[in-house]
Amino acid sequence: MGKSLKGKELGRGISQRKDGLYQARFINRFGKRQTIYAKTYNEITKKLRDSQYEDEKQLNVVNSNMTLDEWYDVWIDTCKKHCRDTTKRTYAIQYNRLREELGWRKLTSLNLVIIQNAFNNLKSDNSRRDCKAVLVDMLNRALESDLINKNVALSVNTRIDGKEQLEKRVLTAEEIQILYQSTRDSQLYPFFVLALNTGMRMGEILGLTWNCVDFESGILHVEKTLCYLPNNGTAIYEFHPPKSRAGKRNIPMAKLVKDVLQEQKAWRDRVNARFQPQKGFEDLVFTSKTNRPLHESNIRTAIGYLVDRINIQNPEKEFERFTPHCLRHTFATNCIAKGMKPKTLQSLLGHNSLQMTMDLYCHVLDETLKDEMSIITEMV
C-alpha cells in the first residue's frame, strides 16, 4: 500500500512524491511497469482505472512513442527481410511519397483524417493505391506487434481523381504486323516475337540464357528473371528465381520463335567475338550491341523511339503508345480468343491462380464478341 505525504494509505500501487505529485504503477500485459502521474488523488485513481481497463481489453500499446519512420525501418528490416532488393526498392519509393507528411508522426497519433489528407496530396489515384498497399501492410504488422490498436489506413480513399480505369492496351493483329515489319532488322524484333508468342514477362525474357533454350525438344525453360538495381550510377544486375513455384515453367516454342532464336544465336556469337561479356552473364540470349545485360528502361526507351518513328512514317493513323507488359496482355487475350483453355493459359503465364489469369490478362476483343453473338443468334 502506498501512502500520502501525511501518512494516509492511498491504495495498492498509488503513492505521493515529495513534490506533491501522485503516481500509480502496475505491471501491464507486456510485462512492463507502467507509471501514471496526476496532481490530485481523485485524478490518479481515475487514470489508474482507465489504464488498467485499456490493458485488460488490450487497447494499450507496447510503445506509444515510436514514429512511422522508425517503424518503417523495423518493418523493412524485419518483416520484409527476405524480400528481393528490387521489391524493397519499390516499397521505399512508395513510402517516400508519404514520409514528409506522415513519417515524423507517432504511430498512436495517426488517424483517418491525418492519413487521408496526406493521400489527397499525392498526384494520382494510382499513386494513392500503391502507397495504401504499403501503409496498410506496415500498420497491420504494427497492430500485430501491439504498437497500435487499429489500422486506420484500411479506410483511406484512394479514388479522388474520379477517372475510370482504362482498359488494358491489347495490340491488334495489324499493329503486331507493323511492329514486326518496323523492327525486322533490329534487336527489338526477337524481343517482340518472344513476348507476343510466349507471354513471358520482360524480366524473364531479358534473363533467358541459352542453357534454357532447348532447340531439340522445342521448349523454353523459364527458371529465372533478370533484375536491375541502380547503385549510384552503376548498374547492378542479378538473377532471381521466380516469385512463386508456378513461375518456373516450360513453354513450347512456335516455329517463328524457334527460327528467331536461332537467328539470335548467330547474332550473339558475332557480338561475343567482338566484345567481352560481363562476368556472370556470358550466356544471356539478349544483350546490348556491346554485350552488356539489358534492363527495363532500355526496352521502354527503344519502344518509345519506335512508336515515334512509326507515327512519323504513317501520320494519317496514329500508333498508340504501349508498354512492354502490353505484349503479355496481348498474348493472353489472343490465346483466349483462339479458344485456349484458361487452365492451360494459367500454366503458360506462370500464375498461381486461375482467377489472376482471367482478371488481369484476358480481355474480350470486339471480333470475339461478334463471333460469340453470331453463335447465339443462330441458335435462337
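The structure is a predicted model, in which local features need pLDDT of at least 70 and side-chain atom pairs count only at pLDDT 80 or more, while totals for chains, interfaces and linings use all residues. Residues are numbered from 1 along each chain as its sequence is written, and side-chain values use heavy atoms, with hydrogens and water left out.

**Aromatic pairs**

- The whole structure holds 13 aromatic pairs, where rings of Phe, Tyr and Trp (its six-membered ring) pair if their centres lie within 6.5 Å, and planes under 30 degrees apart count as stacked, over 60 as edge-to-face and the rest as tilted.
- Tyr-72 and Trp-75 make a tilted pair, at 5.9 Å centre to centre and 40 degrees between the planes.
- Both Tyr-72 and Trp-75 belong to helix H2 (residues 68–79), 3 residues apart, or about one turn of the helix; helices (H or I, at least four residues) and strands (E, at least two) are DSSP runs, numbered from the N terminus.
- Tyr-72 is buried at 6% relative accessible area, and Trp-75 is buried at 0%; buried means under 20% relative accessible area, exposed over 50% and partly exposed in between (1.4 Å probe, protein chains only).
- The Tyr-228 and Tyr-237 rings have centres 5.5 Å apart and planes at 45 degrees, so this pair is tilted.
- Within that pair, Tyr-228 is partly exposed at 29% relative accessibility, whereas Tyr-237 is buried at 12%.
- Phe-191, Phe-192, Phe-286, Phe-319 and Phe-322 are linked into a cluster by ring pairs.

**Charges over rings**

- Lys-224 places its charged end over the ring of Phe-239, 5.6 Å from the ring centre; the rule requires NZ of Lys or CZ of Arg within 6 Å of the ring centre and within 35 degrees of the ring normal.
- The charged end of Lys-265 sits over the ring of Trp-210, 5.6 Å from its centre.

**Cavities**

- There are 2 cavities of 30 Å³ or more, a cavity being a set of points on a 1 Å grid over the protein atoms alone where a 1.4 Å probe fits but cannot get out, with lining residues having an atom within 4 Å of a point.
- The largest cavity contains about 50 Å³ of space, and its lining includes Phe-191, Met-200, Arg-201, His-325 and Arg-328.
- Helix H7 (188–198), helix H8 (202–206) and helix H11 (324–337) each supply at least two residues of that lining, with H11 giving the most, 4 residues.
- The lining of the largest cavity divides into 7 nonpolar, 1 polar and 2 charged residues.
- The second largest cavity has a volume of about 30 Å³; among the residues lining it are Met-200, Glu-204, His-221 and Lys-224.

**Nonpolar core**

- The largest nonpolar core has 49 residues, of which Phe-191, Phe-192, Leu-220 and Phe-322 touch the most other members; such a core is a set of buried Ala, Val, Leu, Ile, Met, Phe, Trp, Tyr and Cys residues joined through side-chain atoms within 4.5 Å.
- H7 provides the largest share of this core, 8 residues.

**A loop residue**

- Lys-39 lies in the loop between strand S5 (33–38) and helix H1 (41–56), and is exposed at 70% relative accessibility.
- The C-alpha atoms of Lys-39 and Gly-20 are separated by 7.5 Å, with the two residues 19 residues apart along the chain.

Definitions and conventions
On a 1 Å grid over the protein atoms alone, a cavity is a set of points where a 1.4 Å probe fits but cannot get out, and a pocket is an open set with protein on both sides within 12 Å along at least five of seven lines; lining residues have an atom within 4 Å of a point. Grid points are joined across faces, edges and corners, and a volume is the space filled by probe spheres set on the points. Ala, Val, Leu, Ile, Met, Phe, Trp, Tyr, Cys and Pro count as nonpolar, Asp, Glu, Lys and Arg as charged, and the others, Gly among them, as polar.
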